[in-house]
Amino acid sequence: MTMDANVLLKDKNLSTELRSIADKALGGERISVEEGEHLYTHGNLAYLGSLANAIREQKHGDRTYFNRNFHVEPTNVCLYTCTFCSYSRMIKKRTDGWEYSLDEIMDIIKGYDGQPVTEVHLVGGVLPQYDVKFYEELFRAIREHRPELHIKALTPVEYHYIFKKEKISYQEGMKRMVAAGLDSMPGGGAEIFHPEIRDEIAGGKCSGDQWLDIHRILHGLGKRSNATMLYGHIEKFEHRVHHMEELRKLQDETGGFQTFIPLKFRNKGNQMSHVAESTVIEDLRNYAISRIYLDNFDHIKAYWPMIGRDTAQMSLAFGVDDLDGTIDDTTKIYSMAGSEEQNPALSTEDLVKMIRAVNRTAIERDTLYNVVNDFTDTVFADDGKYKGYVSLPVVNN
Ligand code: V47
Ligand code: SF4
């Protein structure tokens, strides 16, 4: 047990409930739905941070993961009308958006030839021309062009739509996708599973149960996937806990999820601009509670293009062990929704320095968390770029 957790358990002011939750979580025992809700209503930042950090360090020590990836968004036009999404409004002014052809997508992918990226993250809006045959052809073309590049593509939202259009079952559809070259599925489209909220913010697209079914089927085919939760809008704490409970149950069944990624609602350029964004304190509390609640998930990821580099660094003390990837300015969904990262791209060296500046060890991983490069002993010339960041003494290099 780390120092933080010892101090926490000796605190005389800790309530019986919070002490019992800490005992359970540190002893590897699962906490209940009610206890999850209690953390949201009664857990202060210091308590949650020290407990989540202790669990994170039990699982990973100081290791902090990232990968070298790039995003391809085939289109930013979407026929769904999710109220939180800046892409949904583009359908009304289709001429302003982009709708790439297969050749145009392949040109983007070929632009990375010779670069040491290991993953393409491919996801975008839903439009009729992007159907089963289109994606089969695309996955095959990527596979043929660059066989070792991991294809992490689409979400149950697209799969549900294209399989329904093709009149095939989820099982048959996912089998065809895997046969064409799909390696894994990103965590998007999860939003909030509870119908009370989902119908309000993401009506018409796949339900929470359908989202879970498609992941279940992919896991059954021997592939892995991620899970997200879009929080900080109109949902209540109980909906967040319900969402994580559904994920925890499916993970018990399949073991196929790799990482959980809480996504902070950003309020620019969408139909929910009147809804205030969550505070950084709430973001950190939410990371910590995810780490404590999801005992059967190996990793908790902070997606830095969405929350910004400073909060991403801080999150590493609140249960997070993964910062996603170098991204290379290839995703627009968050800059359009008001993230402070308007052109998200970080070099590997920058990411490693960001991680070291908060006293963690940087590990480059591939999509399946195999170690690609351990940067513990790598020496970089210090160009002073990170002086503005939290400067704890660096002990690991
Ligand atoms: O499903 C859309 C979210 C998701 C907004 O699996 C918004 O490694 C906040 O899932 N404010 C797509 N969020 C992104 C995603 C993802 C990102 C990084 C890594 C992985 C992974 C997955 O973005 C959507 C939706 O939940 N989103 N609009 C917004 N205004
Ligand atoms: Fe379309 Fe996804 Fe945006 Fe909803 S969140 S409008 S499904 S791109």
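Guide: Let's start with a pair of strands, and with the rule for calling them a pair: DSSP has to find at least two bridges between them. Keep in mind as we go that this is a predicted model. Strands β10 (residues 361-365) and β11 (residues 371-374) meet that rule, because at least two bridges are needed and three bridges join them. The two strands run antiparallel. Arg365, in β10, sits opposite Val371 in β11.

Now look at the turn. The hairpin of β10 and β11 has five residues between the strands, and Tyr369 takes a positive phi there, near 70 degrees.

Tyr65 belongs to strand β1 (residues 63-67), whereas Tyr369 is in the loop between β10 and β11, so the pair ties together parts that are 304 residues apart in sequence. Both tyrosines, Tyr65 and Tyr369, are buried.

For a pair with another geometry, go to Trp211 and Phe257. Their ring centres are 6.2 Å apart and their planes are at 15 degrees, so this pair counts as stacked. Helix α10 (residues 208-220) supplies Trp211 and strand β7 (residues 257-264) supplies Phe257, so parts 46 residues apart in sequence are tied together. Trp211 is buried because its relative accessibility is 0%, and Phe257 is buried too, with a relative accessible area of 1%. Trp211 and Phe257 are part of one aromatic cluster that also takes in Phe193, Phe260 and Phe297. Over the whole structure, a search turns up 15 aromatic pairs.

Next, the ligands. Ligand 1 has 24 residues around it, and the closest are Phe84, Lys152, Gly187, Gly189 and Glu191. On the polar side, a side-chain atom of Lys152 comes to 2.7 Å from an oxygen atom of ligand 1.

Gly188 and Gly189 lead us to Thr155, which touches both of them, along with Val123, Met185 and Pro186, leaving out residues up to four places away in sequence. Thr155 is in the loop between β4 (150-153) and α7 (156-166). It is buried because its relative accessible area is 5%, under the 20% cut-off. The side chain of Thr155 also makes a polar contact of 2.6 Å with the side chain of Glu158.

Phe84 takes us over to ligand 2, where it is one of the surrounding residues, among them Cys78, Tyr80, Cys82, Cys85 and Lys205. That shell splits into six nonpolar residues, two polar and one charged.

Last stop: Asp183, in the loop between α8 (170-180) and β5 (184-185). Its side chain makes a polar contact of 2.5 Å with the side chain of Arg143. Setting aside neighbours within four places in sequence, Asp183 is in contact with Arg143, Leu149, His150, Ile151, Lys223 and Arg224.

Terms used: Residues are numbered from 1 along each chain as its sequence is written. Chains are lettered from A and ligands numbered from 1 in the order in which they are written. This is a predicted model: local features need pLDDT of at least 70, side-chain atom pairs count only at pLDDT 80 or more; totals for chains, interfaces and linings use all residues. Side-chain values use heavy atoms; hydrogens and water are left out. Helices (H or I, at least four residues) and strands (E, at least two) are DSSP runs, numbered from the N terminus. Buried means under 20% relative accessible area, exposed over 50%, partly exposed in between (1.4 Å probe, protein chains only). A polar contact is a pair of N or O atoms within 3.5 Å; within protein, one must be able to donate a hydrogen and the other to accept it, and residues adjacent in sequence count only if both atoms are side-chain atoms. Contact means heavy atoms within 4.5 Å. A residue is near a molecule or strand if one of its heavy atoms lies within 4 Å of it. Ala, Val, Leu, Ile, Met, Phe, Trp, Tyr, Cys and Pro count as nonpolar, Asp, Glu, Lys and Arg as charged, and the others, Gly among them, as polar. Rings of Phe, Tyr and Trp (its six-membered ring) pair if their centres lie within 6.5 Å; planes under 30 degrees apart count as stacked, over 60 as edge-to-face and the rest as tilted.
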